[in-house]
Amino acid sequence: MPPHSCPTNTSLLELHLTGIPGLQHLHCWISIPLCLTYLVTLAGNSTLLWVIRAEPSLRLPMFLFLSMLAVVDLVMSTSVTPKMLDIFWFRSTAISLGGCLTQMYLVHTSTAMESGVLVAMALDRYVAVCNPLRYLSILTRPVVAALGLATLLRAVAFMSPLTSWIHRLPLCSPAVVNHSYCEHMAVLKLAWGDTAFSNTYSLLVSTWVGTFDSLLITLSYALILRAVLRLSSPQARKKTFSTCSSHLCIMALFYTPGLLSIYMQRYHQELPPHVQVLLADLYLLVPPAFNPLIYGIRTKQICDAARRIISR
């Protein structure tokens, strides 16, 4: 809870984002890899969606899940990167309260959706490898649509309370958010009143989603690897090992920094603030740029489809 001397303003309409605390003098340099990463994200995911839509042979469950992931990545990255660049390039730190809450909702909902889509993709790979003859009969279009809808509804149900509780609390003025975007825990520090329940809810939901989903993914890939070890072809084993390892690496890059940033903000206040902010930025910006490369360019069907589209 903020100190009792903190002046409150229940009609506060504007907040200020600091960017990366302690590294403001490096904002111009940090913006270069940030901008390049965002451009890669836009180009990679947009191209992936275009190829999957234009090529009828890619209307398989695997590529439908990949389309969902691309859309979520575009929303997640676009919800934060333009404002970050605005801060880094033009020192435009102001953001309306409505804009801040909207950004917060999009960020946390899209991260929960990304986690759910990764679980669905792991399930898809498990069925494809361990039960290939029944692949299309198990993962029918209604099943794929139901999995996508369930992922969306779970994210909305879990993350909507975070934004609604912030909206109901009066905020301290001056409202300076020590972060590069409107992250829930950072904004909650400005709230006046009892924030214990909101803090606990945020921690429990983030832990449950991250831990439960990562365990399901690990289990799926463990079963896949067990099935691969039974293959007689060394080339097939090598190819599947390469694919699984790259998938697991990009998933680790999503889950590990996200959970670390959450726990560091709550339990390791002595750490430099820029470390916490950079970790939070890392798991929002890097996976959306790498996902099209890992799941798209390394997939033979997508590369072949892209060549056919270009040749036409």
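1. Basis of the note. This is a predicted model, in which local features need pLDDT of at least 70 and side-chain atom pairs count only at pLDDT 80 or more, while totals for chains, interfaces and linings use all residues. Residues are numbered from 1 along each chain as its sequence is written, and side-chain values use heavy atoms, with hydrogens and water left out.

2. Helix α1. This helix covers residues 27-54, where helices (H or I, at least four residues) and strands (E, at least two) are DSSP runs numbered from the N terminus. With 28 residues, α1 reaches 40 Å from its first C-alpha to its last, close to the 40 Å expected at 1.5 Å a residue, the expected span being 1.5 Å times one less than the number of residues.

3. The buried side of the account. Buried residues of α1 include His-27, Leu-34, Tyr-38, Asn-45 and Ile-52; buried means under 20% relative accessible area, exposed over 50%, and partly exposed in between (1.4 Å probe, protein chains only). The buried residues of α1 pack against α2 (61-78), α3 (81-90), α10 (273-297) and α11 (300-311).

4. A nonpolar patch. Leu-26, Trp-29, Ile-32, Leu-36 and Leu-39 make a nonpolar surface patch of about 520 Å², with areas from the Shrake-Rupley method and a 1.4 Å probe, only the protein chains shown counting as cover for residues. Patches are made of residues with over 30% relative accessible area and no salt bridge, like charges being joined within 9 Å and nonpolar side chains (Val, Leu, Ile, Met, Phe, Trp, Tyr) within 5 Å. Leu-39, which is found in α1, counts as partly exposed at 47% relative accessibility.

5. The open sheet. Three strands form an open sheet in the order β3-β2-β5, with mixed pairing. Because β3 (94-96) and β5 (176-177) stand at the edges, each with a single partner strand, one side of each is left without a neighbour in the sheet. Strand β2 (residues 14-17) pairs with β3 in the antiparallel sense over three bridges, and two strands count as paired if DSSP finds at least two bridges between them. His-16 stands opposite Ala-94 in β3.

6. Leu-162. This residue is found in helix α6 (residues 141-168) and is buried, with a relative accessible area of 3%. Not counting residues up to four places away in sequence, Leu-162 touches His-184, Tyr-201 and Ser-202, contact meaning heavy atoms within 4.5 Å. Leu-162 and Tyr-201 are 39 residues apart in sequence, and their C-alpha atoms are 8.1 Å apart in space.

7. A salt bridge across the sequence. The structure holds five salt bridges, each a side-chain nitrogen of Lys or Arg within 4 Å of a carboxyl oxygen of Asp or Glu. One of them joins the side chains of Glu-55 and Arg-308 (3.5 Å, N to O). Glu-55 lies in the loop between α1 and α2 and Arg-308 in helix α11, so the pair ties together parts that are 253 residues apart in sequence. Glu-55 counts as buried at 7% relative accessibility, whereas Arg-308 counts as partly exposed at 34%.

8. Two further salt bridges. Asp-304 and Arg-307 meet through their side chains (2.8 Å, N to O); both lie in helix α11, three residues apart, about one turn of the helix. Asp-304 is partly exposed at 23% relative accessible area, and Arg-307 is exposed at 54%. The side chains of Arg-125 and Asp-124 also meet in a salt bridge (2.7 Å, N to O), with Asp-124 buried at 2% relative accessible area.
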